[in-house]
Each structure stands twice: as C-alpha cells, then as structure tokens.
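Let's take a walk through this fold, one neighbourhood at a time.

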Amino acid sequence: MDDCIIIGAGPAGLTAAIYLARYHLSIRMFDCGTSRAALIPCTHNHAGFPDGISGKELLERMLEQAEKYGAIREEKRVEHLAQDPSGCGFTVGTDSGTHRARSVLIATGVFNHRPPQIDDALHDEALAQGLIRYCPVCDGYEVTDKRIAVIGSGNHGTREAEFLRGYTRDITLVCPLGEHELDEDCQQRLDEAGIEIVAGPCDGFAIDSDTISFMTAEGRKAFDSIYPALGSHIRSELAVEAGAKASADGCLEVDAHQETSLPGLFAAGDVVKGLDQISHAMGEGGVAATTIRNHLAKENPLRR
C-alpha cells in the first residue's frame with residue numbers, strides 16, 4: 001500500500017509529489033497527459049522566469065525534480081476511486097490495474113470549452129501563436145492595445161470582456177451561436193466600457209499571418225487574439241463518486257488544509273475553487289502534501 005497516490009501531474013500534483021517524496025513517503029502519480037498547463041505556449045507571470053517559460057517545459061522540470069527524490073509517474077488513466085473495503089485507505093482503479101493507498105490527492109484540474117466550430121489542428125496552431133488565449137489573468141498583458149474578441153455572452157462573457165478592457169480599448173464580444181442574451185445590467189456595463197457587441201455564429205476560423213479571423217453575423221472579422229469565454233469542465237467526478245462534496249459547478253470543497261469532506265482524500269489546484277493560476281495550484285499542492293504527511297505520521301510515526 002502506497003502512502004499517497006496523486007491523480008494528475010500538473011503544477012499542483014507535481015508540487016505535492018516533490019514535497020511528499022522529500023518527506024520519504026512512498027508515492028506514485030497517475031497521469032493521462034492532459035494537464036491544462038502543458039498547453040501554455042509561454043507564461044510570463046510565473047515568478048522566477050523573467051523571460052517566460054512554456055507550460056510544457058515547466059512541467060518537465062517539475063517532474064524531473066520529483067523523480068530525483070523517488071516519485072513515480074505512471075501514464076495511466078484513473079477510472080475508479082473508492083474508500084478501501086477494509087476501511088483503511090483507498091482503492092484506485094486505473095485502465096491497467098488496481099492500487100491501494102493510505103491517502104489520495106486529487107489534482108485533476110479542469111479543461112476549457114473550445115469554440116465548437118473550430119478545427120482541432122487550427123485551434124492548436126492558433127493557441128501556439130497566441131492567437132487564441134484562455135486566461136486573461138495570465139496573459140492579458142500580452143494583448144495590451146491589441147484588437148481582441150471575446151467569444152461568449154451573458155454575465156460570464158461580459159465579465160471577461162470587462163476584465164480585458166483594462167488592457168485594450170478595442171474589444172468585441174461575439175456570441176458563439178447567434179443573438180446575444182444580455183440582461184439590462186450586462187448591456188449597460190458593456191456600453192459604459194465601450195465594448196462592441198456582435199451576434200454569431202462564429203465559424204470559418206482562419207489564420208492569416210499574425211491575425212485570426214472568423215465569420216460573424218456582420219461578416220468576417222479579424223483579430224490579434226481571441227478569448228473563448230465558454231466556461232470549463234471541472235474534473236472532479238472521481239472524488240464525487242467516492243463521496244466527496246462539491247459545489248454546484250463541480251469544484252471540490254476542501255478545508256483550510258486541502259482535505260475534502262472524505263477523510264484522507266485531498267484536492268489541490270484548479271479542481272478546487274480558486275484563482276486557476278500555476279502559483280496558486282503549487283501553493284495548494286504544498287499545503288496538501290504537508291497535511292498528508294502529518295496525518296500519516298499520527299497513524300504511524302515517521303522515523304528513520
């Protein structure tokens with residue numbers, strides 16, 4: 001039985017792995033290779049990298065550090081999680097076997113909803129070039145004074161457009177499917193911010209040198225970058241099925257030490273309600289790992 005199994009090897013999971021391995025605990029990570037951080041072409045707001053670093057390189061460095069201390073990463077998809085029938089620890093079922101652990105850390109993160117009409121290959125190319133962006137907190141600075149489209153509507157789309165208004169005055173809110181459904185408050189806020197409102201649908205995406213364009217109800221429009229504000233899916237199903245509580249939107253509920261409502265089951269990173277930032281996820285990973293170590297030590301003193 002492992003001391004801890006970590007599900008997900010993004011910034012939160014890898015930070016926890018480094019801590020736990022350095023606590024001389026037996027751990028392993030199961031990861032299916034879909035960390036949202038790996039999609040970041042270059043982040044410039046992660047402290048310590050003044051010239052920026054790609055999400056993929058950051059994850060590779062963190063994994064190398066974790067493995068240096070004995071952490072094990074296995075490319076497996078976890079399909080089932082439950083408290084062990086013995087009442088001691090958890091059973092973790094993967095696509096190639098079942099494992100047991102005294103504790104489990106959920107670090108499965110989220111994935112962003114993409115514009116439904118965009119081709120996968122074009123999407124990935126646009127993302128790599130910074131023509132599609134998903135996190136204005138991370139990279140709003142990079143679109144300063146550029147022409148930006150926010151694909152979305154309602155309060156969520158309005159809030160994202162308002163946030164980006166702090167970086168540029170040239171913002172268009174485009175409904176992804178048809179006519180906007182904006183209440184009076186959203187309409188007023190958009191008007192006061194000087195944000196253009198255009199009906200959809202958004203389709204016919206194309207990259208032209210350093211711009212991305214697509215068709216709208218008013219014809220083809222080109223932008224320096226677009227931000228899909230279409231929400232995201234929180235990958236909390238494993239924990240919820242095991243009995244952990246989650247909010248209405250799917251974020252796992254944790255205490256001040258990252259423990260869920262299920263004793264011994266912890267969660268960190270974007271799967272927990274928070275800022276959805278690498279630095280924040282890493283902090284939660286460190287808190288969770290230290291709490292796991294202290295809980296395990298109470299059950300069985302950790303001595304060399």
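Two strands count as paired here if DSSP finds at least two bridges between them. Helices (H or I, at least four residues) and strands (E, at least two) are DSSP runs, numbered from the N terminus. Bear in mind that you're looking at a predicted model, where local features need pLDDT of at least 70, side-chain atom pairs count only at pLDDT 80 or more, and totals for chains, interfaces and linings use all residues. Residues are numbered from 1 along each chain as its sequence is written, and side-chain values use heavy atoms, with hydrogens and water left out.

With that in hand, go to the open sheet of 3 strands, which has the order 11-12-13 and antiparallel pairing. Its edge strands are strand 11 (203-208) and strand 13 (219-223), each of which pairs on one side only. On average, neighbouring strands of this sheet are turned by 20° against each other, direction ignored. Angles like this one run from 0 to 180 degrees between N-to-C directions, and axes are lines fitted to C-alpha atoms, for helices over the stretch in contact. Strand 12 (residues 211-216) and strand 13 run antiparallel and are joined by 5 bridges. To find your place there, look for M215, whose bridge partner in strand 13 is R220. Helix 3 (residues 120-129) lies across strand 11 and strand 12, and runs at about 45° to strand 11.

Another open sheet is built from 4 strands in the order 10-9-8-14, and here the pairing is parallel. Strand 10 (196-198) and strand 14 (225-228) are the edge strands, each pairing on one side only. From one strand to the next, the twist averages 25°. Helix 5 (residues 154-164) packs on the sheet and touches strand 8 (148-151), strand 9 and strand 14, while its direction makes about 160° with that of strand 8.

What holds the strands of a sheet together? Strands pair through backbone hydrogen bonds, either parallel or antiparallel. Strand 9 (residues 171-174) is parallel to strand 10, with 3 bridges joining the two, and L173 has I197 as its bridge partner in strand 10.

Now for the faces of a strand. In a regular strand the side chains alternate between the two faces of the sheet. Strand 9 is covered on both faces: I171 and L173 on one side, and T172 and V174 on the other, are all buried. "Buried" means under 20% relative accessible area, with exposed being over 50% and partly exposed in between (1.4 Å probe, protein chains only).

Next, head to the start of the chain. Strand 1 (residues 2-7) is mostly covered, with 6 of its 6 residues buried. Strand 1 pairs in the parallel sense with strand 6 (residues 97-106) over 5 bridges, and I5 has V104 as its bridge partner in strand 6. Strand 1 also pairs in the parallel sense with strand 2 (residues 27-30), over 4 bridges; I7 stands opposite F30 in strand 2.

Helix 1 (residues 11-22) is next, and its axis comes within 9 Å of that of helix 2 (residues 55-68), crossing at roughly 20°. Helix 1 and helix 2 are therefore roughly parallel to each other (angles under 35 degrees count as roughly parallel, over 145 as roughly antiparallel, 65 to 115 as roughly perpendicular and the rest as oblique). Among the residues that meet are L14 and I18 in helix 1 and L59 and M62 in helix 2, where contact means heavy atoms within 4.5 Å. That contact of helix 1 with helix 2 divides into 9 nonpolar, 2 polar and no charged residues. Ala, Val, Leu, Ile, Met, Phe, Trp, Tyr, Cys and Pro count as nonpolar, Asp, Glu, Lys and Arg as charged, and the others, Gly among them, as polar.

Helix 1 also packs with helix 8 (residues 278-299), at an angle of about 35° and with the axes 7 Å apart. Including G285 and G286 of helix 8, the contact of helix 1 with helix 8 has 10 nonpolar, 4 polar and no charged residues.
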